[in-house]
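Take a look at the structure below. We will walk through some of its charged pairs, one at a time.

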Amino acid sequence: MPSAQKLSPRTPPSSCTTHEKNKDESLWVNFLSEGKKMEELLVEASSKIAHLRRKAAAMALGLFRVCLVVVTAIINHPLLFPRENATVPENEEEIIRQMQAHQEKMQLEQLRLEEEMARLAADKEAEEAALEQVAEEGQQQNESRTAWDLWSTLCMILFLVIEVWRQDHQDAPSPECLGSDEDELPDLEGAPLRGLTLPNRATLDHFYERCIRGATADAARTREFVEGFVDDLLEALRSLCSRDSDMEVEDFIGVDSMYENWQVNKPLLCDLFVPFMPPEPYHFHPELWCSSRSVPLDRQGYGQIKVVRADEDTLGCICGKTKLGEDMLCLLHGRNNVVHHGSKAADPLCAPNSPYLDTMRVMKWFQTALTRAWHRIEHKYEFDLAFGQLDTPGSLKIRFRSGKFMPFNLIPVIQCDDSDLYFVSHLAREPGGGTRASSTDWLLSFAVYERHFLRVTSKALPEGACHLSCLQIASFLLSKQNRLTGPSGLGNYHLKTALLHLLLARRPADWKAEQLDARLHELLCFLEKSLLEKKLQHFFIGNRKVPEAMGLPEAVRRAEPLNLFRPFVLQRSLYRKTVDSFYEMLKNAPALISEYSLHIPSDHASLPPKTVIL
């Protein structure tokens, strides 16, 4: 029955089975041959990859990708590595088509790899060529830079030589300071002063007798009163000080115009130096600015004062620097006198963490000491004593019950070695016109040398010489001009410096009383020339024309000249104001001298009778 018939699987004949087996074997043979070809391709690709690795590191990624594709193809081939529960696809044509597509893909990958290798090789050649070009350009730049540096160096040397020659030419002694004959100063005699004229000699003589000589006569009495009071004040100060811990104050020294006999401005002002010394075991060791090789221009004319203990100043002894041993003894310093280097003890009046004397601390100490000394003796006098200026340590003012006052300056100073140079803590009128760089900078004063030079020079001049009269008239005109237009960069110290230069350049016979107008005209011309050149050399510093009999330290004589008008180079507004004020002073001089010759103002009247000291 059809429903009872059992279905059985279709069994191919034996001939068909043999044919299929042969066909499968041929496929395997072809596949193995293809595998061998692929293996050869892999070997060739591996050799190329190894060769490319040595040439360029960038090819590693491409070779890795090729190997990854080949290995993936081999591993995932369905005939070589059949998966579990997988059957051979029945469609043989599909397998052949896939293998052909895979072969084409491998060929395309090979072509892409070859193109990439060629591109990498070209890039490497281009990079090498660029490196060679950069190296050549760098070499050319180095050669050109070397040539430019050589040229710049030669130009710099040339400029330095020109600048040194120019400075030497400018720093050379001018005709005003070289000779002693009148013919050696032709430029000054012919200076026009912008066409401004001064009064004649008769007018000047009359003005001097009526207006200035009276002030000179009052100076002697003022000096006598101030000196007597200062002696008493300093004696009281010494009685309050301890020799073991306080500064030792010495006798005062009179300086400046009141002691050089050319003070003319009212009120008369005495300037007194008060030297002081440190207590034992300390002593001062001054250091001049010219002792250092490199000093800023704004510090020229200043110095520092080092406070040294007596047991630290070994004068070159090596006992404090080395170990002598127990069986050796220093002949300068015994066993009980041990040298303590680098002691941290607080030195008197020194700057913080510095061995150098501090000007601000000295000012504070001096003001305190003067106040204590005055409180000790104030019951003896019928006047009051007060500080005149807060920024000046010794600016004092005596106030009488009548309302009048008498100012004077007590200036604490330190002597520079054994010379007449003194380091000044502060001046109300600093000669250089500048400001100190730090509180440890002390101004070097030549006031004692200036007073000595004027005294010695006056002895060689004719009787009644006009040198101080010229200075007094110029100082009078300058003070009146400052009252009209305010202070300028020109001061009395510049007038005195100009006079000292002329005294050194002129013969003694040129300073007769009859030549007052000529010498005054010459002094003003000298100042005009200095202002226009912005150059007025200090009279003592670097001036080898100063007689050796003055006893000036050799380091100061051989130092670089100091330009007192250097601030004008940096401050144009101050320079313009000073020049305008100077010419306005010359313009007003004839009318001012004529007015004061006929009428003497009340501020030039004589002082009241001497105050009685109780």
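Start with E94, which is partly exposed at a relative accessible area of 29%. This is a predicted model. The partner of E94 is R97: the two form a salt bridge, and their closest N and O atoms are 2.3 Å apart.

Now turn to another pair. K496 and E260 meet through their side chains in a salt bridge, at 3.3 Å from N to O. K496 belongs to helix α11 (residues 492-505), and E260 belongs to helix α7 (residues 257-260), so this pair ties together parts that lie 236 residues apart in sequence. Are these two residues buried or exposed? K496 is buried, with a relative accessible area of 2%. E260 is buried as well, at 6%. Both values count as buried because the cut-off is under 20%.

Next comes helix α13, residues 554-557. Here the side chains of R557 and E554 form a salt bridge, 3.8 Å from N to O. R557 counts as buried, at 9% relative accessibility. E554 counts as partly exposed, at 42%.

Salt bridges can also share partners. In this way R506, R507, D510, R519 and E522 are joined into one network. How many salt bridges does the structure hold? The count is 20.

Notes. Residues numbered from 1 in each chain as written. Predicted model: local features only at pLDDT ≥ 70, side-chain atom pairs only at ≥ 80, totals over all residues. Heavy atoms only, no water. Salt bridge = Lys/Arg side-chain N within 4 Å of Asp/Glu carboxyl O. Buried < 20%, exposed > 50% of the residue type's maximum accessible area, 1.4 Å probe, protein only. Helix = DSSP H or I, 4+ residues; strand = E, 2+ residues; numbered from the N terminus.
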